[in-house]
Amino acid sequence: MNIVLSIPESANSYWRQLGQSGLVVDARINCTVRDVLEKSIGFSNDYIEKRIETVFLNGHPVDDIDSALVPDGARMALASALPGAAGIAMRRNSPYAALRGGITHTHSRNAPAASGSIELALFNLVMHEHAIRILTAGAKVKTDMLAAMLERRPENSVRSVLANGEPLTPQQAVHKLKALAADRVYLQLEVTGGC
């Protein structure tokens, strides 16, 4: 199912939370983390260097984003600085990286670059600054998460809903989503100015 949600700009803070649950996006796979972030997801090199301090690839912290290769279907989590001692240890190239030696991403298998998809989870400032941009381009989101967010949405946080081109009320969309067997649906946000 394809869902298009038209939302006011004032509702961005509510809808960007979808970024934490994992957004499945098209990406070039078998490329380095840096290549995927820049060329497939649209992060600038400056942003990657200054803001994305923590990268997990399939549950493993990554220090060298220029050598770690992203396979098809990979789950990549991105964050700026995470709090506490554990957050410091998980940062890229942390002086405390030795504390996590057994879980650090160390090996990638070479394969030819190809088209595929990855699941992208965004946290803290990265979510705040980029989740809406990624959702505006379109991503697959968890069906139950979208249904729950539509159901408990704040007043005036949705202007319109289209499901496969059919106009629905938000409540009708919730019912359709709950009835779906699909784990994920394709969501695209249309953000308009004003309240």
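User: Hi! Are tyrosine 14 and tryptophan 15 buried or exposed?
Analyst: Both tyrosine 14 and tryptophan 15 are buried. Keep in mind that this is a predicted model.

User: Got it. And how are the rings of tyrosine 14 and tryptophan 15 placed?
Analyst: Their planes stand at 85° with the ring centres 5.0 Å apart, so this pair is edge-to-face. The cut-off for edge-to-face is an angle over 60 degrees.

User: How many aromatic pairs are there in the whole structure?
Analyst: A search of the whole structure turns up two aromatic pairs. Phenylalanine 43 and tyrosine 47 form a stacked pair, with 15° between the planes and 5.6 Å from centre to centre.

User: Why do phenylalanine 43 and tyrosine 47 count as buried?
Analyst: Buried means under 20% relative accessible area. Phenylalanine 43 has a value of 2%, so it is buried. Tyrosine 47 is buried too, because its value is 12%.

User: What sits over the ring of phenylalanine 43?
Analyst: That would be the charged end of arginine 133, which is 5.2 Å from the ring's centre.

User: Changing topic: how many salt bridges does the structure hold?
Analyst: The structure holds nine salt bridges. As background, side chains of opposite charge can pair when their charged atoms come close.

User: Nice. What about arginine 34 and aspartate 66?
Analyst: Their side chains meet in a salt bridge, at 2.5 Å from N to O. Arginine 34 belongs to helix α3 (residues 33-40), while aspartate 66 is in the loop between β5 (60-61) and β6 (69-70), so the bridge ties together parts that are 32 residues apart in sequence.

User: Is each of those two buried, or partly exposed?
Analyst: Arginine 34 counts as buried, at 14% relative accessibility. Aspartate 66 counts as partly exposed, at 43%.

User: Which residues are linked with Arg34 in a network of salt bridges?
Analyst: Glu49 and Asp66 are linked with Arg34 in that network.

User: How far apart in helix α3 are lysine 39 and aspartate 35?
Analyst: They are four residues apart, about one turn of the helix. The side chains of lysine 39 and aspartate 35 meet in a salt bridge, 3.6 Å from N to O. Lysine 39 counts as exposed, at 66% relative accessibility, and aspartate 35 is partly exposed, with 26%.

User: And what does glutamate 119 form a salt bridge with?
Analyst: Its partner is arginine 75, and the closest N and O atoms are 2.5 Å apart. This pair links distant parts of the chain: glutamate 119 is in strand β8 and arginine 75 in strand β7 (residues 75-79), 44 residues apart. Glutamate 119 is buried, at 16% relative accessible area, whereas arginine 75 is partly exposed, at 33%.

User: What's the lining like by class?
Analyst: By class, the lining of the largest pocket has eight nonpolar residues, along with three polar and three charged ones.

Terms used
Residues numbered from 1 in each chain as written. Predicted model: local features only at pLDDT ≥ 70, side-chain atom pairs only at ≥ 80, totals over all residues. Heavy atoms only, no water. Nonpolar A, V, L, I, M, F, W, Y, C, P; charged D, E, K, R; others polar. Salt bridge = Lys/Arg side-chain N within 4 Å of Asp/Glu carboxyl O. Helix = DSSP H or I, 4+ residues; strand = E, 2+ residues; numbered from the N terminus. Buried < 20%, exposed > 50% of the residue type's maximum accessible area, 1.4 Å probe, protein only. Phe/Tyr/Trp six-rings, centres within 6.5 Å; stacked < 30°, edge-to-face > 60°. Lys NZ or Arg CZ within 6 Å of the ring centre and 35° of its normal.
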